[in-house]
There are 4 protein chains.
Amino acid sequence: MSPEDEEFRLDDKFHDECGLFGVWNHAEASNVAYLGLYALQHRGQESAGIAATDGHAFHVEKAMGWVADVFSRDRLKRLPGHRAIGHVRYSTAGSSNLRNAQPITANTSHGPVAIAHNGNLINAEELRRRLEADGAVFQSSSDTEVILHLLARADGGTLVDRLARALSQVKGAYTLLLLTPTSMITVRDPSGFRPMSLGKLADSWVLASETCALDLMEAQVVRDIEPGEIVVVDDSGLQSFKPFRPQEKLQCVFEYVYFSRPDSVLWGRNVHVVRKALGHQLAREHPVVADLVIPVPDSGVGAALGFAEEAGLPYDSGLVRNHYVGRTFIEPKQGIRHFGVKVKLNPNREVLAGRRVVVVDDSIVRGTTSRKIVKMVRAAGAREVHMRISSPPIQWPCYYGIDTPTRKELIGSSHEVPEIQKYLGADSLGYLSLDGMLKATGNDPAHFCHACFTGQYKVGFDDGDLAQLKLFDS
Amino acid sequence: MSPEDEEFRLDDKFHDECGLFGVWNHAEASNVAYLGLYALQHRGQESAGIAATDGHAFHVEKAMGWVADVFSRDRLKRLPGHRAIGHVRYSTAGSSNLRNAQPITANTSHGPVAIAHNGNLINAEELRRRLEADGAVFQSSSDTEVILHLLARADGGTLVDRLARALSQVKGAYTLLLLTPTSMITVRDPSGFRPMSLGKLADSWVLASETCALDLMEAQVVRDIEPGEIVVVDDSGLQSFKPFRPQEKLQCVFEYVYFSRPDSVLWGRNVHVVRKALGHQLAREHPVVADLVIPVPDSGVGAALGFAEEAGLPYDSGLVRNHYVGRTFIEPKQGIRHFGVKVKLNPNREVLAGRRVVVVDDSIVRGTTSRKIVKMVRAAGAREVHMRISSPPIQWPCYYGIDTPTRKELIGSSHEVPEIQKYLGADSLGYLSLDGMLKATGNDPAHFCHACFTGQYKVGFDDGDLAQLKLFDS
Amino acid sequence: MSPEDEEFRLDDKFHDECGLFGVWNHAEASNVAYLGLYALQHRGQESAGIAATDGHAFHVEKAMGWVADVFSRDRLKRLPGHRAIGHVRYSTAGSSNLRNAQPITANTSHGPVAIAHNGNLINAEELRRRLEADGAVFQSSSDTEVILHLLARADGGTLVDRLARALSQVKGAYTLLLLTPTSMITVRDPSGFRPMSLGKLADSWVLASETCALDLMEAQVVRDIEPGEIVVVDDSGLQSFKPFRPQEKLQCVFEYVYFSRPDSVLWGRNVHVVRKALGHQLAREHPVVADLVIPVPDSGVGAALGFAEEAGLPYDSGLVRNHYVGRTFIEPKQGIRHFGVKVKLNPNREVLAGRRVVVVDDSIVRGTTSRKIVKMVRAAGAREVHMRISSPPIQWPCYYGIDTPTRKELIGSSHEVPEIQKYLGADSLGYLSLDGMLKATGNDPAHFCHACFTGQYKVGFDDGDLAQLKLFDS
Amino acid sequence: MSPEDEEFRLDDKFHDECGLFGVWNHAEASNVAYLGLYALQHRGQESAGIAATDGHAFHVEKAMGWVADVFSRDRLKRLPGHRAIGHVRYSTAGSSNLRNAQPITANTSHGPVAIAHNGNLINAEELRRRLEADGAVFQSSSDTEVILHLLARADGGTLVDRLARALSQVKGAYTLLLLTPTSMITVRDPSGFRPMSLGKLADSWVLASETCALDLMEAQVVRDIEPGEIVVVDDSGLQSFKPFRPQEKLQCVFEYVYFSRPDSVLWGRNVHVVRKALGHQLAREHPVVADLVIPVPDSGVGAALGFAEEAGLPYDSGLVRNHYVGRTFIEPKQGIRHFGVKVKLNPNREVLAGRRVVVVDDSIVRGTTSRKIVKMVRAAGAREVHMRISSPPIQWPCYYGIDTPTRKELIGSSHEVPEIQKYLGADSLGYLSLDGMLKATGNDPAHFCHACFTGQYKVGFDDGDLAQLKLFDS
């Protein structure tokens with residue numbers, strides 16, 4: 001991407017890197033996969049791909065862009081067969097090209113396989129160097145290809161045996177979806193960082209990163225895939241394997257805070273309901289005398305509703321979001337101030353003027369957007385602007401599959417809350433506490449990864465990895 | 001559009017047909033026009049166009065698609081000059097092609113002109129036949145071309161004289177934006193059906209269908225253009241003309257109900273605030289014992305907030321909208337039920353289950369979508385579903401610039417409210433009364449067109465037009 | 001076209017501006033029109049268009065590019081009906097955009113009409129001004145639109161009457177093809193500048209600029225349309241009209257020299273045979289002692305064969321042409337010499353080295369390409385390079401439908417033959433004489449326009465036109 | 001490719017599968033590679049690709065289509081660096097997709113490498129199975145990927161050592177071009193099936209499949225790369241290695257007969273001059289009393305000129321070729337006879353009528369096109385049609401890098417010459433003898449592969465390979 005075409009980065013959020021969907025035994029499998037990806041589009045807007053098989057030939061179609069743009073009727077026709085897996089992907093600019101789009105399809109001594117991955121491996125570089133030293137040829141920079149090579153080299157036994165042996169060498173976060181001519185397999189890593197749900201649609205089995213994809217096609221939600229579980233779907237039915245040594249759960253709490261769609265049910269709880277609970281707790285931790293609670297749409301809506309409810313304050317819509325925003329935005333060269341978030345959000349003066357306003361958002365990454373929002377709300381006449389955040393200060397990058405800036409870009413890593421408040425220009429600023437957040441999820445607080453808030457990276461990172469970590473961070 | 005590629009019509013709403021934006025005296029006029037159209041995208045998503053001039057040459061670029069997709073940096077570079085006007089358009093499938101995209105540029109004996117139009121002429125066919133009989137050559141099916149021909153044939157005097165003479169022959173709704181090498185002109189028809197606002201951006205004058213476009217670029221909102229007013233902007237400044245016989249105002253009340261963006265200020269009132277007032281009145285007219293108020297997002301949000309506030313009921317988000325919906329959606333041929341609104345909306349079971357739910361929407365057109373929503377909410381476990389609509393039953397098509405179905409497709413035209421309730425499957429159904437709606441706008445109730453609710457077409461429709469009306473309706 | 005994207009102009013030739021094709025009464029009319037345009041592609045490579053009708057609705061599809069690229073199977077499906085006309089177009093860079101692509105479709109008081117034009121009107125600007133003064137609205141810069149307006153304004157009588165009346169006001173070169181719901185009409189102007197042939201394909205009538213298009217579909221060539229003739233094809237058959245005052249024939253001799261495909265039969269003679277006759281005459285007028293005759297491929301092949309035959313010299317292929325040349329060519333910025341004609345032609349050293357070579361080409365326009373060819377042939381080892389041109393020096397621009405440079409760019413206009421020879425670096429240079437050329441055509445020498453050689457513009461150009469001529473020339 | 005979009009196969013020729021070009025040490029390396037591929041386009045029109053490096057990062061761009069369409073200025077800008085290699089490819093429909101386009105870029109333990117290949121491996125499947133059994137992951141169906149894996153697994157020593165060791169396992173035809181951050185390498189297999197030439201362009205080294213690519217950029221032709229030679233270009237200059245056991249030369253005689261451009265110098269002889277010599281010999285072997293010699297353009301031109309010269313008969317252009325033919329051609333469904341070669345060639349009646357015509361072509365594959373040509377020439381009035389072919393009957397498929405039909409499709413494999421003559425409908429048919437052809441090349445007759453004429457596959461094909469051969473053939 002040349003500087004002059006540089007994408008205008010319209011938000012200041014963490015970004016999930018992938019959504020996965022698979023279907024087994026459906027007459028229009030690739031079309032069902034398309035539907036599933038459609039509902040998972042919020043998990044990745046950069047590329048979309050589907051691999052399908054009729055039990056013999058494999059076909060794959062992938063391209064940069066939204067699901068609705070990538071797949072035409074003609075393209076879906078080029079994906080015949082009763083089995084299909086699909087993938088949507090977000091990625092950082094550097095590796096943003098078709099070569100890294102998924103599913104990856106390849107041939108090994110065990111036959112053809114398609115693989116799609118949500119997560120990030122900690123020791124990918126080390127494994128890659130080891131595999132290359134042993135003659136492996138890598139055709140992308142994706143860590144998913146590392147898994148493919150490990151699998152190809154795993155000897156003996158069943159596919160599950162080989163997969164377990166391959167994954168035993170891997171550290172990090174991975175939810176995988178694989179397709180072979182005779183089976184569809186999913187795996188969640190033993191820590192269970194990323195979600196995966198199983199559904200049933202008449203005679204078909206479906207797998208999806210979030211239940212909202214199952215809802216779209218009116219599939220019945222059967223259950224979550226468990227951490228460390230390998231599920232194999234084939235024509236004889238469904239089998240579950242647990243070949244890994246049990247480990248403590250490290251489910252990504254940010255899935256509740258921001259990534260997942262509010263209508264999904266994740267780890268036993270509805271995401272919107274959890275977000276409202278985060279708002280309740282936030283109101284209890286950081287009460288404020290005010291006239292009005294407004295969300296930063298759309299991600300702050302759940303917490304704002306909860307905050308307003310708990311605080312007994314009116315909830316209103318004080319910022320209007322333009323949903324026709326494309327990937328790029330062309331700013332004038334001169335004469336008009338820098339646009340930033342204005343392209344996406346516009347304050348509603350009549351709602352805000354003269355009021356003491358509580359603005360609720362889910363998180364603050366760099367702080368640049370929040371600062372503009374505060375300024376915007378104040379410029380629209382708000383008498384006071386109180387910022388409330390439904391998660392703790394983000395202080396650390398994520399190495400488990402989320403696209404995050406480096407430490408020094410994280411405002412929470414280098415500044416104390418009062419400094420951040422000052423930078424934002426808010427009259428007050430309250431972050432939800434770690435304990436408050438974890439408790440509000442309704443899950444066991446011990447079952448979450450919260451490394452981005454605490455730096456407690458519980459997976460990976462022995463000496464070699466630390467060097468790598470530094471590398472990443474620079 | 002062939003049947004198999006048939007666009008999946010994802011909503012059941014009236015559709016505004018156009019948004020207009022113009023800028024005079026800006027070093028990057030076409031880029032500013034692009035920004036303005038960006039903010040007006042909700043008024044038309046089918047085609048976008050900009051015409052620009054440096055005072056001599058005219059350039060125009062237009063294409064099917066969203067503003068963000070149509071205009072690349074390269075394309076904007078092909079639109080040099082300090083003056084530009086732009087247009088976004090929605091239209092019915094039949095005439096949906098590039099030939100009807102605007103602005104239309106043409107050469108007449110008075111020099112080059114670009115014209116963009118929001119509205120619809122009642123007597124376009126009659127005028128067209130008359131002009132053709134007199135040798136005129138029409139290259140599109142757009143009624144805007146009729147205005148162009150009338151203007152080209154108007155003799156003598158200033159451009160304003162000629163424009164007034166041309167428009168004196170025209171009946172119907174029109175807000176126009178014209179660009180010549182030496183001036184930018186806007187007109188609102190004497191009834192003032194469609195809006196237009198004037199703004200100032202440093203040394204530039206800007207004109208926009210809605211104030212949200214002025215907000216985006218931080219232009220100062222100066223005032224509304226008045227019904228029957230012609231405003232000419234040129235290098236000597238701004239001049240206002242009122243050449244038409246004054247008529248009663250017939251401002252489109254549906255701009256408040258649904259079309260305009262909630263953050264726009266229209267005819268003196270903020271749209272979101274009006275929508276909340278509609279909700280207040282709706283709650284007063286149709287109270288109900290319930291646990292929860294939810295909107296049909298996004299259009300029902302304002303009225304739902306107002307309803308909940310007035311009724312003292314909790315407001316929540318019970319339907320989640322997928323914002324990554326494209327223009328087309330490919331359904332499977334078999335095996336899965338018809339999708340309809342499910343592609344866009346998904347109910348949140350945990351919010352709805354066991355509750356008595358009030359669902360608030362702005363209007364019901366055919367009823368098909370509302371029926372699916374009721375079913376969906378009930379399937380998600382709602383104990384009771386009470387539908388509340390923040391406008392009266394739609395009984396008549398619009399002939400003033402809104403894309404509406406024929407009478408027989410309007411459920412409000414052929415059925416009484418109890419029948420509609422039964423069709424929707426709702427436990428109760430309440431429409432806002434006409435008087436209630438008009439009063440809640442905060443404007444003089446006499447100043448609105450409400451023909452779609454009442455059939456009172458106050459402009460046009462003498463004998464000849466009635467024949468035409470029938471033609472339209474069949 | 002910005003300078004950096006500037007098309008690399010790969011040849012130094014006159015360019016024909018259009019090819020026309022029409023078919024009446026064929027079940028796959030638009031597909032037949034596609035075939036016809038395919039065979040006429042050499043007459044215009046910039047845009048292609050087809051208009052078709054089923055007797056009621058009109059459909060038109062046009063786009064920039066080659067016929068094979070513009071028309072997909074899907075696009076042809078959007079052109080139903082038993083009647084179709086098509087057009088290929090070359091044009092100068094300035095007006096090179098889709099707005100000027102043809103056929104133009106419009107609606108007039110006499111109903112819909114599609115029009116396609118090969119030629120150029122001398123008094124287009126004057127007529128345009130007159131029509132605009134009378135209220136006409138022009139939407140392109142094409143002179144074809146002038147004809148459309150004249151036709152729309154012609155009153156009374158049959159379509160032929162109106163067409164004759166419209167065309168009586170026009171001066172210049174025009175072969176037209178029109179399509180209405182009930183007829184297909186062709187006209188050649190009274191001077192007959194541009195060709196048009198009639199063919200029969202089973203029960204269908206076909207019309208084509210050149211017979212090679214009839215050959216492709218194995219249609220029977222019936223006859224040429226005559227100068228000043230209007231032919232109407234409808235369901236009752238074929239009618240011929242001659243409403244214009246007879247005038248002397250002014251057939252474009254350059255069609256023989258360069259434009260037409262060698263396999264076409266034009267004005268009674270096969271083009272390739274005429275080109276060989278030009279070569280014979282050229283050898284008689286400018287004999288030379290040499291070892292070898294080579295053509296500049298492909299346009300010089302016919303004359304070179306004739307020259308070699310008459311001179312009793314061996315003919316060989318000394319320059320190889322790359323047929324994969326696209327419209328654009330990206331030169332390196334530095335380090336390699338300017339490419340020019342090298343991209344298209346490469347000399348064959350072993351054929352040329354040590355030989356005295358006669359290089360035969362059809363014409364010299366600016367001289368830049370010929371100069372490079374002489375240099376290239378010499379660099380490949382030719383001992384002598386004798387340039388022979390099968391037409392006289394071009395001294396004047398064409399105003400009858402050919403894209404030509406201005407006078408001052410024409411090397412033949414400002415320089416004598418010895419100076420040109422010196423500029424080219426050739427050992428000798430011989431142009432065919434005017435009389436020799438005309439005689440060799442086998443037609444009556446009085447029946448040709450040769451204004452580009454002689455400046456004898458026999459049509460148009462009274463005082464007003466002269467002013468215009470100057471304008472064109474500057 | 002679905003049946004209804006099936007490409008209309010417009011010729012009946014063998015197809016070369018690739019062209020290679022590389023440049024080392026040029027400020028605009030990727031632009032120079034683009035130029036080189038431009039001149040080699042006749043060797044492959046399906047996909048084009050360039051990989052470039054600045055000594056560290058690798059960039060690659062490849063796409064389906066012609067060089068001129070694939071590479072825009074912007075795309076070339078995405079290929080920075082002083083070193084580049086490029087590839088054009090033709091392939092059979094089955095594997096015709098982007099995944100098989102070249103150069104292939106990958107990472108191995110020895111660092112990144114880009115590889116481009118002209119040829120075909122006999123034992124690719126066997127090697128592939130062996131590599132997969134050892135854990136290799138294949139991401140395409142290309143045999144080039146086999147070489148990449150062998151290279152990645154070759155241990156120890158220099159890159160040349162590893163390359164030699166890798167290639168020692170390979171049987172078949174390969175000319176390779178590799179790029180690493182620090183070197184550009186080319187290899188011709190020990191038999192030297194496919195050509196490769198070395199050139200010098202100021203301070204840059206260039207490598208090209210044919211010398212016509214060197215001519216275009218006015219590079220000096222240095223020499224051919226020799227069979228079995230590995231040439232390494234790096235910043236210290238050029239080094240040659242001959243690690244393979246010397247073998248007899250098996251240069252593809254078809255390069256002279258048809259593939260190479262006539263202006264290339266191949267294995268010491270100019271291709272056009274060789275083709276004329278083939279024509280001379282053909283005239284001696286198969287004299288005929290006739291009026292005229294015509295070529296099947298463009299491939300038959302050289303031989304036809306030679307035949308006419310030797311026979312003392314006039315040469316003329318009796319078939320006109322349409323050079324605007326695209327990849328696809330849309331035939332009408334009915335009402336017009338099947339088009340076939342008519343789309344490309346049209347006879348010139350006035351040249352042919354009443355004459356005894358010798359038609360010279362380079363080869364006959366299936367015979368379908370030749371049959372149509374004979375019919376076409378006769379329908380244009382030829383009194384006699386004598387077919388002369390400048391190579392022997394093709395009886396065997398090629399396994400060394402040429403796309404050929406299966407044996408049973410080859411008319412020369414199943415029919416004797418008199419039968420073929422009858423099938424073609426020719427008055428006589430003469431094929432050049434094997435000895436005549438080999439002698440006419442001016443090279444040692446023992447140095448050629450002529451397996452397609454004789455079935456003498458001198459490389460590969462022990463027992464295992466024979467099984468594979470059958471597989472290929474079915």
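Okay, so let's start with chain A: of its 474 residues, 59% count as buried, where buried means that 20 or more other C-beta atoms, placed from the backbone, lie within 10 Å of the residue's own. Before I go on, this is a predicted model, so local features need pLDDT of at least 70 and side-chain atom pairs count only at 80 or more, while totals for chains, interfaces and linings use all residues. Residues are numbered from 1 along each chain as its sequence is written, and chains are lettered from A, with ligands numbered from 1, in the order in which they are written.

Now, overall shape. The C-alpha trace of chain A spans about 70 × 50 × 45 Å along its principal axes. Its radius of gyration, taken over C-alpha atoms, is 23 Å, which agrees with the value near 23 Å for a compact globule of 474 residues; that rule is 2.2 Å times the number of residues to the power 0.38.

Last, chains C and D. Their contact takes 52 residues from each chain. On the chain D side, helix 1 gives the largest share, four residues; helices here are DSSP runs of H or I, at least four residues, numbered from the N terminus.

Definitions and conventions. Contact = placed C-beta atoms within 7 Å. Helix = DSSP H or I, 4+ residues; strand = E, 2+ residues; numbered from the N terminus. Buried ≥ 20, exposed ≤ 12 C-beta atoms within 10 Å, placed from the backbone.
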